Amino acid sequence: MKDLPRFPSIIVAGYTLVEALRSGLPWLAAASVVAALGLSGFLSQVAITEATALQASVCGALLRACAVFLIAAHVVASTAREANDKGLELALALPISRPAYYIGKLLGFACAGTLLATLFALPLLLWSKPADLAAWWISLAAETVLVAAAALFFASALTQMVAAMAATAGLYLLGRSIAAIQAIAGGPLAADSLPGEAARWAVDAIALLLPRLDLVTRGEWLLYGAPTASELFLSLSGLGLYLALLAMAGLFDFSRRNL
Amino acid sequence: MTGFWSGRERPLAAVPAWIALLLALALAGQVFSQFARRVGAPSAAELPHAPSARALRLASLGEPAALARLAMIWLQAFDSGGANTVPYQQLDYPRVVAWLRAILATDPRSGYPLFAAARVYAENADPAKARLVCEFIFEEFAADPNRRWPALAHAALLAKHRLHDLPLARRYAAAIGRLATDESIPLWARQMEIFILEDMNELDAAKVMLGGLLATGRIRDPEEQRFLQRRLDELESRLKGANRR
């Protein structure tokens with residue numbers, strides 16, 4: 001009998017990455033780049049000023065959305081297919097622990113997300129300074145890894161594709177807009193009544209459970225310069241903490257589930 | 001593992017002819033119907049009320065820089081085409097100013113809203129509308145004078161030559177001299193009040209201003225250069241026509 005592999009998670013991660021590279025993901029990523037460049041080029045033709053800033057900001061915002069959508073859709077579809085094909089049962093029949101398998105999948109999806117972020121950052125070199133773009137790229141990579149972790153957790157826990165996609169999209173959109181929602185709820189024009197106060201408390205409570213995605217991968221960095229290293233580190237460490245939370249929640253659910 | 005592009009389909013001949021025919025007909029029908037009802041630029045009446053800056057920030061999902069510029073492209077389409085001989089004349093200006101204010105608040109570092117305000121909307125032939133936009137520029141100037149002075153400088157020229165309101169032009173010029181203190185700002189701008197009082201016609205003043213902006217590297221965007229040069233040419237031909245009459 002052959003020796004057990006020392007790092008089964010790495011092997012699972014490798015196969016997960018190979019699956020991503022052989023799927024439609026690279027083609028969809030290339031199509032996204034072409035579409036973003038085309039749209040931003042068109043918009044720059046109708047701008048009367050700040051054409052370069054318009055191209056950089058719109059292209060960046062579009063590619064960010066594409067990266068997040070593509071990685072979430074890929075993770076959910078891959079996890080659902082594996083469950084439907086009984087590939088999960090087959091994999092767990094091998095000498096590999098559940099946590100090692102889950103971590104391997106997460107690592108593989110994280111690598112796919114990082115590659116996607118790298119591909120999407122390259123066209124922005126046309127308009128942005130490399131130093132500013134580097135911060136945006138690192139941030140986008142961290143964001144796609146976080147979204148991959150969220151999609152894996154929801155796909156694994158909810159088992160239904162539509163529910164998993166909806167939950168991932170909901171978490172992501174709330175993460176990007178919660179600061180604006182809090183600002184609106186706490187504004188001077190907000191009602192001072194008991195329901196108004198309750199709504200503010202509810203919004204603040206929800207905000208405690210969400211990642212601050214509005215603070216990362218900002219298009220402004222491409223136009224007005226990257227944040228300081230300490231600010232970037234602070235924002236990314238917030239994402240890192242949430243990534244750990246999602247990974248642990250996924251491991252907890254995966255460890256106690258009956259297959 | 002099956003590749004993404006690997007052929008798992010039957011040959012085209014396997015599709016019944018009536019299905020292919022109906023598909024082609026449906027495609028042609030769709031293209032024809034869309035071609036028949038092509039939409040032009042939206043009319044002035046279609047411009048909705050401006051949202052608050054907070055609502056715009058919420059809608060931007062953390063990308064205010066991109067949203068602000070997209071909103072400007074969208075706003076400048078209203079009343080810009082169709083049967084219009086002169087664009088932007090029919091717009092409800094208080095509504096336009098509210099939009100410009102909200103967009104500027106969404107990304108205060110963008111120069112687009114004030115550039116469009118000064119170079120597009122303030123050049124309205126209706127003095128009341130032009131005055132409204134000039135006042136908007138003046139109000140917003142104080143928040144970031146070293147970045148926003150070119151818009152107010154143009155508003156000062158408009159106040160002198162189009163509105164024929166010298167006190168207003170001097171008020172704007174004095175504000176630039178008092179608040180725009182950055183070293184990179186050209187001398188003529190910091191001494192705008194003297195520039196306004198000089199006996200210079202609109203074309204010469206506009207040429208000095210554009211030349212100064214180009215020389216100091218303020219205008220780096222090629223689209224902006226082209227737009228300003230076109231405006232200068234239009235001004236020149238209009239003044240020539242007026243002199244001939």
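A residue is called buried here when its relative accessible area is under 20%, exposed when that value is over 50%, and partly exposed in between. The model is a predicted one, and the description that follows should be read with that in mind.

With this cut-off, Arg218(A), at 16% relative accessibility, counts as buried, and Glu220(A), at 14%, counts as buried as well. The side chains of Arg218(A) and Glu220(A) meet in a salt bridge, with 3.2 Å from N to O. Side chains of opposite charge can pair when their charged atoms come close. Over all chains, a search of the whole structure finds 19 salt bridges.

Asp165(B) forms a salt bridge with Arg131(B), and their closest N and O atoms are 2.7 Å apart. Because Asp165(B) lies in the loop between α7 and α8 of chain B while Arg131(B) belongs to helix α6 (residues 127–141) of that chain, the pair ties together parts that are 34 residues apart in sequence. The two partners fall into separate classes of accessibility, since Asp165(B), at 18%, counts as buried, whereas Arg131(B), at 33%, counts as partly exposed. In another salt bridge, Glu140(B) is paired with Arg148(B), the closest N and O atoms being 3.7 Å apart, and both of these residues are buried. Salt bridges with shared partners also join Arg64(A), Glu143(A), Arg176(A) and Glu63(B) into one network.

We now turn to the nonpolar side chains. In soluble globular proteins, nonpolar side chains tend to be buried together. The largest nonpolar core of this model has 73 residues, and those with the most contacts inside it are Leu91(B), Tyr121(B), Ile137(B), Trp149(B) and Met192(B). Helix α7 (residues 145–161) of chain B gives the most to this core, contributing 9 residues. Apart from this core lies another, of 64 residues, which includes Val76(A), Ile96(A), Phe109(A) and Ala121(A). When neighbours within four places in sequence are left aside, the residues in contact with Leu91(B) include Ala44(B), Leu47(B), Phe78(B), Val96(B) and Tyr121(B), and also Asp79(B) and Lys129(B).

Some nonpolar residues are found on the surface instead. Val15(B), Trp18(B), Ile19(B), Leu21(B), Leu22(B) and Leu25(B) form a nonpolar patch there, and together they have about 620 Å² of accessible area. One of them, Leu25(B), lies in helix α1 (residues 17–36) of chain B, and because its relative accessibility is 53%, Leu25(B) counts as exposed.

Technical notes
Residues are numbered from 1 along each chain as its sequence is written. Chains are lettered from A and ligands numbered from 1 in the order in which they are written. This is a predicted model: local features need pLDDT of at least 70, side-chain atom pairs count only at pLDDT 80 or more; totals for chains, interfaces and linings use all residues. Side-chain values use heavy atoms; hydrogens and water are left out. A nonpolar core is a set of buried Ala, Val, Leu, Ile, Met, Phe, Trp, Tyr and Cys residues joined through side-chain atoms within 4.5 Å. Buried means under 20% relative accessible area, exposed over 50%, partly exposed in between (1.4 Å probe, protein chains only). Helices (H or I, at least four residues) and strands (E, at least two) are DSSP runs, numbered from the N terminus. Contact means heavy atoms within 4.5 Å. Patches are made of residues with over 30% relative accessible area and no salt bridge: like charges are joined within 9 Å, nonpolar side chains (Val, Leu, Ile, Met, Phe, Trp, Tyr) within 5 Å. Accessible areas come from the Shrake-Rupley method with a 1.4 Å probe; for residues, only the protein chains shown count as cover. A salt bridge is a side-chain nitrogen of Lys or Arg within 4 Å of a carboxyl oxygen of Asp or Glu.
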